[in-house]
Structure formats: structure tokens, C-alpha cells
Amino acid sequence: MSTTSPRIGRPAERIEARIKVTGQARYAADVVLPGLAHAAYVGSAIACGRVLAVDTARAEQAGGVLLILTHDNRGPLGDLPNGDGTGLTPDPRPPLADDRIDYRGQIVAMVVAESPEQAAHAASLVEVRYEPAPFVVDIDDGAGTRLSDVPRRGDCAAALRAAPVTIDVLYSTPIQHPCPLEPHATVAHWVDHDLVVYDSTQWVLGDQAVLARAFGLSNERVRVLAPFVGGSFGSKVFTAAHTLLAAVAARRLERPVKSVLRRSEVLTTVGPRAATRQRIQLAAERDGRLIALRHHTRSHCATERDVADRDPFYEPTSGITRVLYACPNYEAVHDVVPLHLAKPGWMRAPGEATGLWALEGALDELACESGLDPLALRMRNHSSRDAHTGKPYASEHLRECYERGAERFGWSRREPRPRSMRDGDAWIGWGMATAAHPGNRDPASVRVRLDRERGGVHVTVATAGIDLGTGLYTALAVVVADALDLPGERVTVELGDTRLPPAPMTGGSNLTASVAPAALAACTRLRRRLLAFRRAPDESADWAELLDRAGLGDIEAIGTTDARPPGERHAHHSFGAQFVEVRVVPELGRIRVTRVVGVFDVGQVVDATTTRSQLLGGVLFGVGQALLEQQVHDPVHALPVHADLAGYLLPCHADVPDIDVEWLDAVPDVTFNAIGCRGAGEIGITGVAPAIASAVHHAIGVRLRDLPLTPDRLLAALAESPRE
Amino acid sequence: MRPFTYVEGISVADAAAAVHAAPAAMFLAGGTAIVDLMKLGVLAPAALVDVQRLPLGDIELDDRRARIGACVRNAQLAEHPEIRARWPVVREALLSGMSAQLRNMSTVAGNILQRTRCPYYRDPHSACNKRVPGSGCAVQTGWDRDAAVLGGSPHCLAVFPSDLATALAILDAIVYTRRGDGGARRLPFDGFHRLPGDTPERDTVLDHGELVTHLELPDLAIARRSHYFKVRDRASYDFALASAAVALDLERGHVRDARIALGGVATRPWRCTAAEQSLRGKRAELASFRAAADLALADAVARTHNGFKIELARHVVVRALSELAARPG
């Protein structure tokens, strides 16, 4: 079994680290091809309305300009697949389809020139006349439409009326942007009427499907490569408008075209985390046991058409609130509010990061109301099964996470009263929350090939799956080296190419759990075939010898992970516990997170180095979500106020607390896959923000329910609360 | 970015004359702000005259003053041991701003000439009188959380962002310039930055082609006990929500003299002379500091979302003075 395997779960060196730090790893924007041309974009200056005219005369005269595309001359593109599982685009309508403007920054013209500078300059010379129409960019100003699919169990209304203790609170989250270090980039290249695309994507096969449909090609004639991707956080799942346009332009020019979004374009055209307004109603017994939970969410979506087409994006906040705690009566209601903004998308732990902000916050309020320790309240409502479907978890260790985290943090020393700890000018507060993320797994296949070479064998592991920088290269190398009992340097991993065995999009923390077991299966097949050449069952011949005996120079096998069968008996879920210490200087509006302890159950860890990195990064992402990140739009002009990383604030080094992450050892989820691993990419962020807000309340007795917890909000809340 | 010509200045007079002669020319020093603004399409100089090779990179000190070349890097100024000893507020202000990389690249003159961070200034599509005179001021109806509470006008509410300038405002600094026509000026720092009024496009009293050559800090006893305190959204690498540069001359627990300037809340570096006056002769204690802080913010005007800055700035003044008074020496 995996837990006894020599390497799985230990810290490995990142196998791609050297080529990354020496600049040899080629990301999409690094690709240089003969005759490469460069794209720049003109974004709409209005949020809603029509383009009356695009005057490209001056731009065409500018040096180096090769092509300007607008909705007048873009040429035909096929319908795009969306929602059929083969690929995703932010908008079923292709870019530059017509004169309609849905959001500020929407691409209204593409300029292609000999150099990026020439393209950018020419783009600034394009003059666009608009007919503006009224718009809405604030979720609080928009009308909601109720989604019909309402999960419920029991009778919430009755339980809420009758309960001895009730909580009824409003929590909100702002628009937040995924800000990967690598901006979205594409190089499109037509070779003998076939399309080759180097893209910054989470899903080469999704790109392939979208591009094939758009250009009326069979999938085999579209090759997409993404061997290295510099972060994504959900924002590279969709095949972006600029990717399609790069392919259009490359075909028109018969030259490869490179398109790299500017940071301001990432912050306006790439789908953000939707804004939410969440009402949580809790009913509980006096001992804290939950009787009812009602979760009403408003989240923003793109356009009224999406609502009319019954395909609005909604931030899936209730996905986690319905499963997490034992509670007989549950109801979730979801309203979507169309806004004139780029269509929102999935951002790291979509639904969990937002839904737990509201639910865990409300639970902290229930704990205060009931005079219970927040941790004891969670323990009391613990569920060892999916609370909604009733399916037992195959492997569930949340209580151990709570206990272990509390011990590492020193939670038992917590004095429940707010304003009970002080250090100089700062009040110290301790808070905690539950972390949770579903176990996801999708069909995948991996090819493992052994080549006889001088002095032994070399192994090549290949799959279309993508490493976003998260650690798949290393994880696969660890699994394969372990399974074949070979030193790591004998293993090469190839990823991110549609010509490699198919793999799902990297999303929902699914990939290691999907691909690593497939690699293991491939290794098992290889072993079986080669071991047949042993002279005796106990003979210790190495792979090279066996290959020689078989008369083979190489051998390969494909391993697969199947789709999860409908009607699985068990549920699979990752959990964790976050404990946070903050220091608050009320009169300066200052909240600093000084300490975080996170303990997680993510199943069997494959590689300790990259898992730790993912969990640390997740916690830090949570600190940013809690304290800093928000986009706001000008109410009159729809301008995104934070158009660069000097304005859209992410944590810098000085914001990073002492983060102590740990995972439970030897807790493989063995019925989930052969390794027993679930993902670790997203769970780290969940629970951090509510734990911070709870710690702030513990520090100074002020409850903050709107993210982020900025100085202005803290000062406003203090002004409203009774002073000590 | 629009095409532009680049020339390296050979001498101070030559560089000033070159910019003076071309209406759309600008000086280039560290480039950390101007290049960004050119990329954004906010500034579109036809020519850049690079002044970094000019002999303006030295810090000269004697008993009477510090003479700081315009092209001294901000890091160089912050690390100078005598600046640290005699004008600690300068070092503290510099280290509270930017990143180490930016401090290594950017210059002292560039620092005090930096443009506002107002998002409407930085967006070429928005109405902004500072960028395009007469185009309007989008912040008046827009997102004003970071807008100025002091020194604003119906034409502009843009906060002046420099930490260094806030420190210089309490140090009787002098700005020396060379004009494009060959003349030279000696400008007291007090009047160097302008209120926006109805001409917010002009941040300073400099004329076109007028090159800052030096800053002078006169030796000032009170400056030895000086301090910069800054509050920002992020723990580092962020502009001030409110900041204060303060200096105290104390005698047996009483204030003999005080200096106070505010940053992050006003349209220019904001010296608070009435607040300073109120402290003279008072005990160096919380009540006096609070009264001074109230006076410093007495004229502040809140817009929709920036009212918190008034309360915050009061606390910042009190905090800056309290910390400074508690310092030994």
C-alpha cells in the first residue's frame, strides 16, 4: 500500500526547478517563432451600449502595423462549445462578434504589428465612437433573479421559528481577481492549415475543442501546448477571447501571432471571483447543536442574456454549506444579479472560499451568543457523512485536524472574552474556522515508457494534464520512481500537450488525484509485463536486464483513471482546521495577522515539498482575501478602480505571518484512488478569512462581516460600536 | 507607448535648454514613475532628456546644511549615516515607501515630483483636470475612498503621494533649479507644491524646462528629534492612507517647538502650522497631542468614502508625536 512506499509523501526536490530558475522552461509568452507578429488590444471605454464606428485610419498608418481586426472585418468563427464538457469560453458569443458592448474593457479592436511596442502604439491610435447605454456595476444596485435549483432538506422555516437560539446575519465578499504571476498569453501558429497554439491554460484539451469548433477543424488538426504555466487560480480554464483572436490573425497574416495580456487587461477581461451578499440564518439548541441553516446568496453574473439562457455563472457558495455540518433542516437560495462586467469565473476554492466566509463567521457569532467555545461548537456539529446526501465519508479525520491544530496553536489557553489579551498598543485575538474542499477526480490517462539506455533504463511519463506551478511534474516523478523503484533522475515527465494521453482540466484540486493513480496503473502494467521475463519469481533482475531478455529497446503502457461511477457509496472530502492570531490597533484601523496554524486532511500526500507549498500559498491567499483584495468600479463610468498591482493589493512579504501548516499522516482515501490522495491546491485558503474576522472580534469585540477587512471598515465599525 | 526621442543630457544648462526648447519634452531620471505613465498613455512626451549622467548624484554635508543632488537615489539618501543622525525623518519616510528595488532606481527629485496615484489620473479615458486640463474631475462623482480631505478643489481631489516630500515639509528645505533660459531659482519647499485650485495640471511652481538640481536641508536642531509615521492598507510597499512627519524640541517635558506635516490626506505636502503653534509651551503629553491633531485636521472635508482619513490622520498625528516624545534624547 502506498503509505508503506518508500518515497510517496516525503519531501522531493521539484524536478523542474532547475530549468525554471535558469530560464529554460518555456512559457507561452517565451515562444519565439520565425516571422512572429505581436498583438495589442483596444478595450471598450464604455460598460454598455454599442460601437458606432471604429476609425483605424491613423492606426493603420503607424509603423509596423500588419492587421487591425474589428467586428466589421473579423471574419467568420464557428459557435463555441460551452457547458458540454469539451471546452469553455467566457462568452458563447465569439470575440468581436458584433457591435454590442457588455462591459468596460471588452475587446473592440485587435492590432497586430511587427513588434509589441508598435502594436500597443497603434492600438492607442484607434478611435472608437460609442452609443452608451445605462449600466449597472454594483451588485447592490442590481436586480436578482432566483435560480430554480434549490437544495433543501427538512423544514427550515419551521425550525427557525421554533429554535431557542437564532442567528440572522449578512456577510459579503467583493469582486476579487486571480492574479497569476504569468499573465494570460497565447502564440498561435498555422502550419499547413493546421493550428498550433502555445497557450497559458489550465486545459489544453478544452482549448483544442474550442479552437477546433471555432475554425471548423477536427480536433486532431489543433495542437495546444502548455508545458509550463505560471499560476492561474482558475482564471485559465476558459479559452480566452484573445486566444481565439490570435488564431484568427495568424491565419489571416499567414504568420504566427503572439498575444500577451497586460495586467490591466487581466484585471478587466479575465473572469474574477463574483461579488456575493450572503444571508445566513442559523437555528440552534442552547448547547449549540444546529437545528437549521438557511443560506441565501446573491452573486453577480455577466449579462441578462446569460440569465435568460439559463446559463448564468453563479458563485457556488452553498456547495459547502449544505454538506459540512450535521443539521437536519437546510435550505439554500441563490439569486444572480447581472452586471455589466466581464463574466465572473472560478477562482481558487470557488464557493468554499466565499461560502465558508459567511457560514464560519455566523458560527462564530453563534458560539459567542451561546457562550460556547468556537471549536467546541464545531465539534458538536461535526458530521462524519455528507450532511446533505447522507453518504458517509470514505476517509474523514476532521476531528483530528481540530485537535491537532488546537494543540499546536495553544487554543486551550484562549480566554473567551474579547479584549482579553494585549501586547503594547495592539489587542491580540484568536480565531478559528473549519477548512473544507471536496475531493475531485476526473478521467485521465498517463503513458509510461521505459527506454533502454546505456547503464540502465530511462522512464518517460506523459499526459496532457498541466502543472500550473503547483507540483504535478514532481508528483508524477515521485509516483513513477517509487512504483518502478528507480532513482528520480531516471524519470522525465512531459505535460501539457494535446498529443499526449488525455487528462482533465487542472481545476478543483483534481489533477494529482486523477493523474497520479493513472501513472501508478501504467507502472503496474509495465511491471507485470516485464516481470514475466524473470527466470524465477524471486529473481532480482533489474528493468534493463528484463528488457534485454525480452528483446525490447523500449516498452510502454497507458494507465487510466475512470470517471467516478454514479451512485458511489461513499463521499470523498478534504477537511482542515485554521487557527489564527491577529494583532489589532483599533485607532489606526490596523489588523495584522501574526500567526496561522492550519492542519489538514488531504488524504495521502504524494510529495511533501509541493504540498506544503500549496497549503502555505493557500493560507496566504486567504490572508489576502481577508485583508486586502477587492475590485471596485466607478459608479458613473464603470472604471475598474484598481487596474494594476499597485492598486489591487495582494499581500507582500511584510503581510506574511508565521504560517504553520501540517497535514495528517497516513490517512489515505483508499477508495478514492489507488494512491489515496485528494488535492491540496485549494483547501489552504478556505477558513482563513473567517478565522481572521473571528480573531478580530476576539481582539476588540467588533464584528466585521464585509471583506476585505480594511482600515476604513474597521474604523467605521468601531465608530458604531459602544466604546469600552 | 508612443514613439519618442531620447537624449542624454551633457550638462545641466544643456539639459534644461533642451527641454525648454521643446514643449513636449520631459526630463527623465530614475524612470520608475514616468515610464509607467507613458505605458499607460497618461504621459506622451515627444522627447526625454536623461539627466542621470549629470553631476547631480552627490550628497555634500557640512555643519550648516546638507546639499543633496537631484539624482541621488532614494536608497542612497536613506542609507547615509549623517542624514540618519541629523534628519531621521528623511530616512524613515523613504524607508516607509516604495520597495527596495524602486528606492535603488528612483531619485530624490523624481520622488518629490511624482504624480498622484488617483486612479482617474492614471486612466486615459477618465475625466481628469490634472491630466487633461478642462476635462473634469471624475473623482467628484466617483470612487473617492483615497481622495484628499485637505486642499482639494472642485477641480481636483488628488492626493499628493510622496512620503519624502511630507518629511521635507517640516525641514525648511530649499529646492534649487536651473531654468531653461539659463537662470536659476532658489525655491523654499513650503511653496514648491501648489494647491490644485483651478489649475491642477501644475503640481509645482516649476516652469517648463526648469530642472531641479539640488535640495538643501539647512541644519536644524529640531530635526534631530524627528519621526515619520505612516498607515497603509498593506504592511509594506503601499502608499499612505495617512502619514505624519513630526519633529519636537523638548525641554523638561514641555514642547519648545514642534513641526508637523501630513501625507496621504492632502493635495500637497501639508504643513500644519496652527497645530505646531498650539504645542509650543505645552506639556508633551497625550492631551496636547490630541489638541494639536484636532487643529491639524480642522479644515478637513470628507467626501463619500474618505471620511475615515480624517479620524485616521488625527490618530496618526497623536501616534507620531507620542512615539517621538517617548524617544530618549
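The model is predicted, and local features are reported at pLDDT of at least 70, side-chain atom pairs at pLDDT 80 or more, and totals for chains, interfaces and linings over all residues. Residues are numbered from 1 along each chain as its sequence is written, while chains are lettered from A and ligands numbered from 1 in the order in which they are written.

**Domains and chain contact**

Chain A is divided into domain 1 (2-8 + 442-561), domain 2 (28-134 + 178-269) and domain 3 (392-440 + 572-720), with bounds that come from an automatic or database domain assignment. The centres of domain 2 of chain A and domain 3 of chain A, taken over C-alpha atoms, are separated by 36 Å. Seven residues from domain 2 of chain A and nine residues from domain 3 of chain A make up their contact, where two residues are in contact if their C-beta atoms, placed from the backbone, lie within 7 Å. On the domain 2 side there are three nonpolar, two polar and two charged residues; Ala, Val, Leu, Ile, Met, Phe, Trp, Tyr, Cys and Pro count as nonpolar, Asp, Glu, Lys and Arg as charged, and the others, Gly among them, as polar.

Between the chains, the contact takes 30 residues from chain A and 26 residues from chain B. At least two residues of the chain A side come from each of helix H3 (116-125), strand E24 (590-601) and helix H18 (711-720) of chain A, where helices (H or I, at least four residues) and strands (E, at least two) are DSSP runs numbered from the N terminus. By class, the side of chain A that touches chain B has 16 nonpolar, seven polar and seven charged residues.

**Two open sheets**

In chain A, four strands form an open sheet in the order E21-E20-E19-E22, with mixed pairing; two strands pair if DSSP finds at least two bridges between them. Its edge strands, each pairing on one side only, are E21 (491-495) and E22 (554-561) of chain A. Neighbouring strands of this sheet are turned by 20° against each other on average, direction ignored. Ala462(A) stands opposite Glu494(A) in E21(A). Helix H14 (residues 511-531) of chain A lies across E19 (444-453), E20 and E22 of chain A, running at about 140° to E22(A); axes are lines fitted to C-alpha atoms, for helices over the stretch in contact, and angles run from 0 to 180 degrees between N-to-C directions.

In chain B, an open sheet of four strands has the order E9-E10-E11-E12 with antiparallel pairing, and its edge strands are E9 (226-231) and E12 (270-271) of chain B. Helix H12 (residues 308-326) of chain B packs on this sheet, touching E9, E10 and E11 (254-263) of chain B, and its direction makes about 35° with that of E10(B). Within E10(B), Ala242(B) is the bridge partner of Val231(B).

| Strand pair | Sense | Bridges |
|---|---|---|
| E20 (456-463) and E21 of chain A | parallel | five bridges |
| E9 and E10 (242-251) of chain B | antiparallel | six bridges |

**Two helices of chain A**

The 13 residues of helix H6 (residues 241-253) of chain A should span 18 Å at 1.5 Å a residue, and the end C-alpha atoms are 18 Å apart, which agrees; the expected span is 1.5 Å times one less than the number of residues. H6(A) is mostly covered, with 10 of its 13 residues buried, that is, with 20 or more other C-beta atoms within 10 Å of their own, C-beta atoms being placed from the backbone. Among the buried residues of H6(A) are His242(A), Leu244(A) and Val248(A). Glu254(A), whose phi is positive, near 55°, follows H6(A).

Helix H10 (residues 352-370) of chain A has 19 residues and reaches 25 Å from its first C-alpha to its last, close to the 27 Å expected. Of the 19 residues of H10(A), 17 are buried, and the helix is followed by Gly371(A), whose phi is positive, near 70°.

How values were computed: Buried ≥ 20, exposed ≤ 12 C-beta atoms within 10 Å, placed from the backbone.
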